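Good morning, and thank you for coming. Please have the sequence and the model open while I speak.

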Amino acid sequence: MQRKAFEIPKSLVWLAYQDVRRNRGAPGCDGQTLTEFDQRRDRNLYRIWNRLCSGTYFPPPVREKRIPKDNGKERVLGIPTVSDRIAQGAVKRYVEAIIDPIFHADSYGYRPGRSAHDALRQCSIRCRRKNWVLEVDISAFFDHVRHDLIIKALQHHEMPAWVILYCRRWLEAPMQAEMGTLQERKRGTPQGGVISPLLANLFLHYAFDRWMDRTHRGVPFERYADDIVIHCTRMSEAVRIRASLTQRMSEVGLSINEEKSKVVYIDIFERENVATSFTFLGYDFKVRTLRNFKGELFRKCMPGASMKAMSRIVKTIKHWRIHRSTAGDLREFSRRYNPVIRGWIEYYGKFWYRNFSYRLWSAVQSRLLKWMKSKYRISGRKAEHKLRLVRRAMPELFAHWYLLRASNV
């Protein structure tokens with residue numbers, strides 16, 4: 001029996017396939033869907049494993065997908081094929097088991113057992129301990145990260161030759177534009193790739209996390225991929241770190257977005273000419289007026305669903321055009337929209353719940369009332385009464401109706 005160039009366990013490929021099945025995802029440049037892959041699953045999986053072991057696996061181009069951003073620009077994703085996602089997942093599982101334990105305690109992005117809510121919770125606690133915050137935005141991080149420094153970090157951890165070989169090939173795999181042309185890549189790791197977040201974390205572990213511990217010991221921060229919040233005691237400290245970090249990013253081939261990076265003062269006593277709020281992972285952090293269990297008003301820093309996120313949610317709900325679908329019924333709407341609404345509730349309903357729940361409730365409920373008025377040609381008061389009867393009969397029909405019971409909206 002011919003010996004393989006690399007000894008790669010078949011179990012890695014099988015577990016990676018299970019991950020791809022759970023996450024689903026769009027087809028890559030070859031157009032193959034997961035359903036089509038499964039028609040010859042065992043043969044396809046064996047081919048991936050065999051080529052990985054022999055050193056003959058060459059990743060196909062990643063398919064370019066452009067996502068509009070709120071500022072009018074576009075985010076470019078790179079969508080690998082189903083087979084390539086499985087191959088990337090197999091290598092990711094091997095590498096992650098070795099290097100994730102060495103990652104910084106305040107690195108939260110795309111790590112097992114950690115979530116955005118963990119980062120938000122820690123950020124909220126530290127905002128009450130330190131009044132000054134440095135919000136950091138790295139310009140187009142995934143488009144400009146240096147390949148040579150990622151490979152150097154993998155070599156530093158003595159990764160096997162096959163890991164370095166395939167990571168280099170994935171980093172250099174071309175991007176297939178919508179018109180079919182191929183674009184070579186000398187920098188960057190495509191957003192949308194399975195292994196890209198792990199490689200990005202490894203890069204920033206040395207470019208930022210370890211550098212912070214070495215040069216600004218004791219200064220707390222939260223990092224979720226390339227989203228960073230640094231907590232400072234004084235404004236002068238925040239300004240000094242910002243200048244130092246700008247130099248550091250330049251050394252590793254990156255740059256700070258000066259418009260989006262800012263020094264923020266978080267306290268119940270405001271200061272003039274200084275920002276008093278910042279956004280982190282879709283939440284606005286600022287001092288809010290709250291009410292305690294005795295009914296007394298008090299002020300403290302609390303995260304809440306950001307204005308930008310709420311505007312995007314309301315815009316999405318309006319685009320559903322529920323009130324124009326008079327041929328449909330409420331059960332059909334619930335099947336279609338409940339998964340999206342639940343996703344919003346699960347992510348944005350963790351902190352300062354009452355404000356978010358009221359705004360989401362109002363946005364969805366107003367669309368349902370308009371539908372009720374249009375379908376049955378009745379007045380607004382009668383539509384409210386009719387919808388109230390439906391809610392009493394089927395309280396779990398719509399996901400947002402839970403908000404009425406949870407926060408007495």
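Predicted model: local features only at pLDDT ≥ 70, side-chain atom pairs only at ≥ 80, totals over all residues.

The largest nonpolar core holds 68 residues, and those touching the most other members are Ile86, Phe141, Leu154, Phe203, Phe208 and Ile230. Helix H9, residues 196-215, gives this core its largest share, namely ten residues. As general background, nonpolar side chains tend to be buried together in soluble globular proteins.

Let us take one member of that core, isoleucine 86. Which residues is isoleucine 86 in contact with, leaving aside its neighbours within four places in sequence? They are Val13, Ala16, Tyr17, Val20, Phe37, Leu45 and Ile48. There is also a second, separate core, with 49 residues, including Phe285, Ala305, Phe356 and Leu403.

Phenylalanine 285 leads us to the aromatic rings. The count of aromatic pairs comes to 24. In one of them, phenylalanine 278 and phenylalanine 285 are stacked, with 4.9 Å from centre to centre and 5° between the planes. Both phenylalanine 278 and phenylalanine 285 are buried. Elsewhere, one aromatic cluster is formed by Trp320, Phe333, Tyr337, Trp344, Trp371 and Tyr376. The ring of tyrosine 376 also has the charged end of lysine 375 sitting over it, 6.0 Å from the ring centre. Likewise, the charged end of arginine 114 sits over the ring of tyrosine 108, at 5.1 Å from its centre.

Glutamate 135 belongs to strand S3, which covers residues 132-137. Is glutamate 135 buried or exposed? Its relative accessible area is 13%, so glutamate 135 counts as buried. Along the chain, glutamate 135 and phenylalanine 278 are 143 residues apart, yet their C-alpha atoms are separated by 7.0 Å. Not counting residues up to four places away in sequence, glutamate 135 touches Ile228, Lys260, Ser261, Lys262, Phe278 and Thr279.

My next residue is histidine 400. Where does histidine 400 lie? It is in the loop between helix H14, residues 380-393, and helix H15, residues 402-407. Histidine 400 counts as buried because its relative accessibility is 0%. Its side chain is joined to that of glutamine 365 by a polar contact of 2.7 Å. Beyond its neighbours within four places in sequence, histidine 400 is in contact with Ile341, Ile345, Trp361, Val364, Gln365 and Leu368.

Now to the cysteines. A disulfide is a covalent bond between the sulfur atoms of two cysteines. How many disulfides does the count come to? The count is zero. Cysteine 127 is in no disulfide, and the nearest cysteine sulfur, from cysteine 123, is 4.1 Å away. Why is that pair left out? Cysteine 232 is in no disulfide either, for the nearest cysteine sulfur, that of cysteine 127, is 11 Å away. With 2% relative accessibility, cysteine 127 counts as buried, and cysteine 232, at 0%, counts as buried too.

I end with the whole protein. Its secondary structure comes to 15 helices and eleven strands, and 47% of its 409 residues count as buried. The C-alpha atoms fill a box of roughly 80 × 60 × 40 Å along the principal axes. Among contacts between residues at least 6 apart in sequence, 68% join residues at least 24 apart. Thank you for your attention.

Conventions:
Residues numbered from 1 in each chain as written. Heavy atoms only, no water. Helix = DSSP H or I, 4+ residues; strand = E, 2+ residues; numbered from the N terminus. Buried < 20%, exposed > 50% of the residue type's maximum accessible area, 1.4 Å probe, protein only. Polar contact = N/O pair within 3.5 Å; in protein donor to acceptor, adjacent residues only side chain to side chain. Contact = heavy atoms within 4.5 Å. Disulfide = S-S within 2.5 Å. Phe/Tyr/Trp six-rings, centres within 6.5 Å; stacked < 30°, edge-to-face > 60°. Lys NZ or Arg CZ within 6 Å of the ring centre and 35° of its normal. Core = buried A, V, L, I, M, F, W, Y, C linked by side-chain atoms within 4.5 Å.
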